[in-house]
Amino acid sequence: MGGDSWGLRWDAANDSFSRQYMQTAADKQSLVCFAADLQTVDEVRETVETIGPYIACLKLHVDIVKDWTSDGWKEVCNLAKELGVLIWEDRKFADIGRVSRQQMAGAVDIRSWADIVTAHLISGPDIVKGLMDGWKDVGRVGGVLLLAQMSSRGNLLIPNYTKSVVEQGKEMDGVIGFIGNGSNPTDVQSLRELVGEGKMIWTPGINLNTGDGVAGQQYGHPRDAVLAGADCLIVGSGIYRSEDPVNAAKEYARVSWNALLER
Ligand code: 6AU
């Protein structure tokens, strides 16, 4: 049972997406969400095929892919389903509710294949309703991760903003959790204090080599993030830029899972 390793979080974060993620993570002994920031459908599919056994979620940026086709994407999504991992489109929605709902449709039709999307709460709470309505338009249900913190240098998500996002997001049904700053365990810890046990914290800015990354990205160690309260570690270049992505994925999985058991 997933609950044995997840402790309080298993009972408290009991929406179906959090549960599915926690169960998959327990089955695979990995808290790794792979950030497939790759430019072609083949690269995404081939990488996910090889590291599949070591990841618990797949995060996509559909607008990075140069040769996107509906059929090619279906193959990627089917692969994710075979691997039992949730599909997260990291399109950081930020518009008014009506437009966000429309953006869930459009050419790439995010609402039809993504289980999770990311949103800023900068435009107010109706963005969450807009996104949920987007899924409802095609008879589906999904979950929203709200950006409460970011990992990039100089970002404007200051503590008071974080607090407001969490206060509102905690009460919203469609919100399955929050993005926290994985590069800084103190930030993750203070976010966990605000969030309590009832929602997940997923953290980007994770690398076994800590410090500054490309273009203002910052990295913290996977173990520190989990001990500080992160439930899912988003790792992109730490895996796909590695000389041996399979072994890298395995190592991130091992470190993250041991940290959860330690927590
Ligand atoms: O491991 P990386 O640095 O190669 O990739 C990190 C991934 C990227 C970013 O779009 C995303 O995590 N990200 C996010 C997310 C997930 O919302 C927020 C943030 O503050 N920083 C960040 O890097 O795909």
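**View 1. Strands β3 and β10 at the ligand in this predicted model.** Two strands, β3 (86-93) and β10 (232-235), each put at least two residues into the shell around the ligand. β3 gives the largest share of that shell, with 3 residues.

**View 2. The shell around the ligand.** Here we've got the 17 residues around the ligand, and the ones that come nearest are Asp-37, Lys-59, Ser-151, Tyr-219 and Ser-237. Sorted by class, the shell is made up of 8 nonpolar, 5 polar and 4 charged residues.

View 3. As for cover, the ligand taken alone exposes 520 Å², and the protein buries 90% of that.

**View 4. The largest pocket, with the ligand's place in it.** The ligand takes up space that turns out to be the largest pocket, which holds about 690 Å³ of space. Its lining counts 31 residues, with Asp-37, Ser-151, Gln-217, Tyr-219 and Ser-237 nearest the centre. Elements giving two or more residues to this lining are β3, β10 and α12 (237-240). By class, the lining of the largest pocket splits into 13 nonpolar, 13 polar and 5 charged residues.

How values were computed: Residues numbered from 1 in each chain as written. Predicted model: local features only at pLDDT ≥ 70, side-chain atom pairs only at ≥ 80, totals over all residues. Heavy atoms only, no water. Near = heavy atom within 4 Å. Areas by Shrake-Rupley, 256 points an atom, 1.4 Å probe, with all protein chains shown as cover. 1 Å grid on protein atoms, 1.4 Å probe; cavity = no way out; pocket = protein on both sides within 12 Å on 5 of 7 lines; lining within 4 Å. Sits in = over half its atoms within 2 Å of the grid points. Helix = DSSP H or I, 4+ residues; strand = E, 2+ residues; numbered from the N terminus. Nonpolar A, V, L, I, M, F, W, Y, C, P; charged D, E, K, R; others polar. Points joined across faces, edges and corners; volume = space filled by probe spheres on them.
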